[in-house]
Amino acid sequence: MTTGYVFHPEYLWHDTGTSAGLLPADPTAGVQPAVHVENPDAKRRVHELIHACGLLGELMVIEPRRATVEELTRVHTAAYVQHIKTQSDLRGGGGDAGDGFSPVGHGSYDIARLAAGGLIELVTAAAHGDITNGYALVRPPGHHATANQGMGFCLFNNIAIAARHAQAELGLARVAVVDWDAHHGNGTQAIFNDDPSVLTISLHQAGCFPPDSGWNHENGTGDGTGYALNVPLPPGSGHAAYLNAMHQVVLPALDRFAPDLILLANGFDANVFDPLARQMLTAASYREMTRLLVGAADRLCHGRLIAAHEGGYSPFYTPYCALAFLEELTGTTTHVTDPLAAVVAGYTAEPFLPHQREVIAAAAQLVERIS
Ligand SMILES: Cc1nn(C)c(C)c1/N=N/c1ccc(/C=C/C(=O)NO)cc1
Ligand SMILES: [Zn+2]
């Protein structure tokens with residue numbers, strides 16, 4: 001069993017500027033410059049930990065390439081692709097992808113193409129049998145980007161572009177997208193909303209971002225009715241709620257859909273230390289969720305599970321969540337264990353609560369619409 005891995009230094013050169021966390025600096029309005037929360041640090045530290053603990057040696061490193069405009073426009077409008085290029089060409093950066101909170105730095109167009117191309121290369125390697133599964137540690141993220149609008153730090157929808165490539169070029173007709181980033185995978189859902197060949201399943205903190213998005217009633221439209229599932233888990237949801245959602249919604253939906261490929265929008269920002277959400281997953285939670293997803297891929301599609309890094313903003317904890325994920329993906333262990341496991345054991349052990357059970361039950365009822 002071989003796990004592919006995509007990383008490139010250019011991903012760290014996507015410049016999100018001196019925003020104060022989320023907001024563009026505006027000194028006269030009292031918004032001091034700082035670093036944008038979607039900055040290279042957490043991703044660089046993930047890569048460094050993978051390398052330092054020896055796991056990199058267990059991976060098949062796959063070089064990314066820049067997605068072509070033709071590959072981008074399977075998902076995005078030509079006008080939007082041009083918008084990103086125009087913003088990226090601004091000398092000195094300072095561009096935006098559309099919502100006012102998604103920085104486009106100078107040269108970010110080519111870096112975002114490299115992110116999408118990294119996913120394309122991974123799904124291609126999986127389809128050709130060169131790898132079983134894989135992980136693309138990419139920046140900028142993608143799951144909020146719709147066909148014609150960037151948002152939530154996302155420029156091109158890396159996962160959606162890979163899904164369309166798999167269908168158009170690799171003979172993988174039925175693609176399932178699981179999104180366990182803390183925020184709703186609205187972009188991916190919108191792109192495939194009327195398409196029954198792509199099942200989207202999003203587990204996220206209810207109403208966190210985008211505002212008022214990702215509710216249970218969002219279940220696909222037209223021919224795609226039934227092929228979008230949302231599990232808007234309440235703030236404070238942790239291991240018990242997410243593992244129940246995996247067992248009650250994600251795995252049954254995948255079994256019914258019988259995908260040829262599983263793509264994972266792999267955000268780690270539902271972890272207990274993340275600044276942009278209020279969920280309580282630990283590295284152990286990601287380990288167990290990954291184990292279940294790897295099992296589903298083995299059962300359903302020859303192990304073909306390809307993950308794209310999305311959110312995850314705690315520079316000190318995201319690496320341990322990513323390492324736990326990768327150890328399960330590769331079926332190996334390293335000498336590194338979560339150094340904060342004892343710290344978080346006390347304050348993340350939430351029982352499975354009725355308001356979480358209700359949300360999961362509502363989504364589980366929709367699974368039978370999948371055929
Ligand atoms: C709306 C709005 N209004 N204002 C003033 C601001 C600053 C707004 N954006 N907030 C955001 C933007 C992005 C995220 C998370 C992205 C992620 O990690 N996705 O996976 C969270 C909050
Ligand atoms: Zn997120």
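1. A polar contact is here a pair of N or O atoms within 3.5 Å, of which, within protein, one must be able to donate a hydrogen and the other to accept it. On that basis, the side chain of N133 makes a polar contact with the side chain of T3, at 2.7 Å. N133 belongs to strand 5, which spans residues 133-136. Because buried means under 20% relative accessible area, N133, at 2%, counts as buried. The model under discussion is predicted.

2. The side chains of H14 and S108 make a polar contact at 2.8 Å. H14 is placed in the loop between strand 1 (3-6) and helix 1 (41-52). With a relative accessible area of 2%, H14 is buried.

3. Which residues are the closest to ligand 1? They are H143, H144, D181, D269 and Y313, out of 13 residues that surround ligand 1. By class, the shell around ligand 1 divides into seven nonpolar residues, four polar residues and two charged residues. The space that ligand 1 takes is the largest pocket.

4. The polar groups facing the ligand may be examined one by one. An oxygen atom of ligand 1 lies 2.6 Å from a polar side-chain atom of H143. For H144, an N or O atom of the side chain is 2.6 Å from a nitrogen atom of ligand 1. In the case of D181, an N or O atom of the side chain is 2.8 Å from an oxygen atom of ligand 1. On its own, ligand 1 has 530 Å² of accessible area, and the protein covers 77% of this.

5. Two peptide bonds call for attention in the backbone. Most peptide bonds are trans. The bond from R139 to P140, however, is cis, with omega near -5°. P140 lies in the loop between strand 5 and helix 5 (158-169). A cis peptide bond also joins F209 and P210, where omega is about -10°. The loop that holds P210 runs between strand 7 (198-205) and strand 8 (228-233).

6. Most residues other than glycine have a negative phi. F153, although not a glycine, has a positive phi of about 75°. Its place is in the loop between strand 5 and helix 5, and F153 is buried, with a relative accessible area of 7%. H302 is likewise not a glycine and has a positive phi, of about 55°. H302 is located in the loop between helix 8 (283-300) and strand 10 (305-309). Is H302 buried or exposed? At a relative accessible area of 65%, H302 is exposed.

7. Y320 is found in helix 9, which comprises residues 318-330. Y320 has a relative accessible area of 22% and is therefore partly exposed. Between Y320 and L340, which are 20 residues apart in sequence, the C-alpha to C-alpha distance is 9.1 Å. T337 sits in the loop between helix 9 and helix 10 (341-348). T337 counts as exposed because its relative accessibility is 62%, and exposed means over 50%. The C-alpha atoms of T337 and H8 are separated by 26 Å, with the two residues 329 apart along the chain.

Conventions. Residues are numbered from 1 along each chain as its sequence is written. Chains are lettered from A and ligands numbered from 1 in the order in which they are written. This is a predicted model: local features need pLDDT of at least 70, side-chain atom pairs count only at pLDDT 80 or more; totals for chains, interfaces and linings use all residues. Side-chain values use heavy atoms; hydrogens and water are left out. A residue is near a molecule or strand if one of its heavy atoms lies within 4 Å of it. Accessible areas come from the Shrake-Rupley method with a 1.4 Å probe; for residues, only the protein chains shown count as cover. On a 1 Å grid over the protein atoms alone, a cavity is a set of points where a 1.4 Å probe fits but cannot get out, and a pocket is an open set with protein on both sides within 12 Å along at least five of seven lines; lining residues have an atom within 4 Å of a point. A molecule sits in a cavity or pocket if more than half of its atoms lie within 2 Å of its grid points. Ala, Val, Leu, Ile, Met, Phe, Trp, Tyr, Cys and Pro count as nonpolar, Asp, Glu, Lys and Arg as charged, and the others, Gly among them, as polar. Helices (H or I, at least four residues) and strands (E, at least two) are DSSP runs, numbered from the N terminus. Buried means under 20% relative accessible area, exposed over 50%, partly exposed in between (1.4 Å probe, protein chains only).
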